[in-house]
Amino acid sequence: TDGAITLLGTAGGIAGALVIAVLARVLVPGGFLMTVAVAGIAAMLLDSLLGATLQGRLRWLDNDAVNLAATAAGAGIAALVGTRS
């Protein structure tokens, strides 16, 4: 279901973000573990929030636009968090 937020799905999203963060840490010297984890989790939550509240109500906000917004927000959050860590 678009925008459905469940405990299992949220746990899966957090686990996925942590796996990618650990891979970044292993593969990239200096790794950015917390930056990648925080940005990934925030982007996942934004994707679900937009999907639950605005997707389908705004004609132009389809799944691709929600994914683009969440990805861009995740990149922005990573840039902000990364400069502070």
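1. Of the 85 residues in the protein chain, 22% are buried. The coordinates come from a predicted model. The accessible surface of the chain amounts to about 5600 Å², and carbon and sulfur atoms account for 71% of that area.

2. The chain holds three helices and zero strands. Read from the N terminus, the order of elements is α-α-α. The C-alpha trace spans about 45 × 25 × 20 Å along its principal axes. Taking contacts between residues at least 6 apart in sequence, 54% join residues at least 24 apart.

3. Helix H1 consists of 21 residues. From its first C-alpha to its last, H1 reaches 30 Å, close to the 30 Å expected at 1.5 Å a residue.

4. Which residues of H1 are buried? They are Ala17, Ala21 and Ala24. These residues lie on the same side of H1, because they cover an arc of only 55° around the axis. The buried residues of H1 pack against H2. On the other side of H1, the exposed residues are Leu7, Leu8, Val26 and Leu27.

5. Two or more residues of the patch are given by each of helix H1 (7-27) and helix H2 (33-53). H1 provides the largest share, six residues.

6. Is Val28 exposed or partly exposed? Val28 has a relative accessibility of 37%, so it counts as partly exposed; the exposed class requires over 50%.

7. Asn63 is part of helix H3, which covers residues 63-84. With a relative accessibility of 38%, Asn63 is classed as partly exposed. How far apart in space are Asn63 and Asp47, C-alpha to C-alpha? The distance is 9.2 Å, for a separation of 16 residues in sequence.

8. To recap the points on H1: its buried residues are Ala17, Ala21 and Ala24, they pack against H2, and H1 also gives six residues to the nonpolar patch.

Methods
Residues are numbered from 1 along each chain as its sequence is written. This is a predicted model: local features need pLDDT of at least 70, side-chain atom pairs count only at pLDDT 80 or more; totals for chains, interfaces and linings use all residues. Side-chain values use heavy atoms; hydrogens and water are left out. Helices (H or I, at least four residues) and strands (E, at least two) are DSSP runs, numbered from the N terminus. Buried means under 20% relative accessible area, exposed over 50%, partly exposed in between (1.4 Å probe, protein chains only). The expected span of a helix is 1.5 Å times one less than its number of residues. The arc is that of the directions from the helix axis to the C-beta atoms. Contact means heavy atoms within 4.5 Å. Accessible areas come from the Shrake-Rupley method with a 1.4 Å probe; for residues, only the protein chains shown count as cover.
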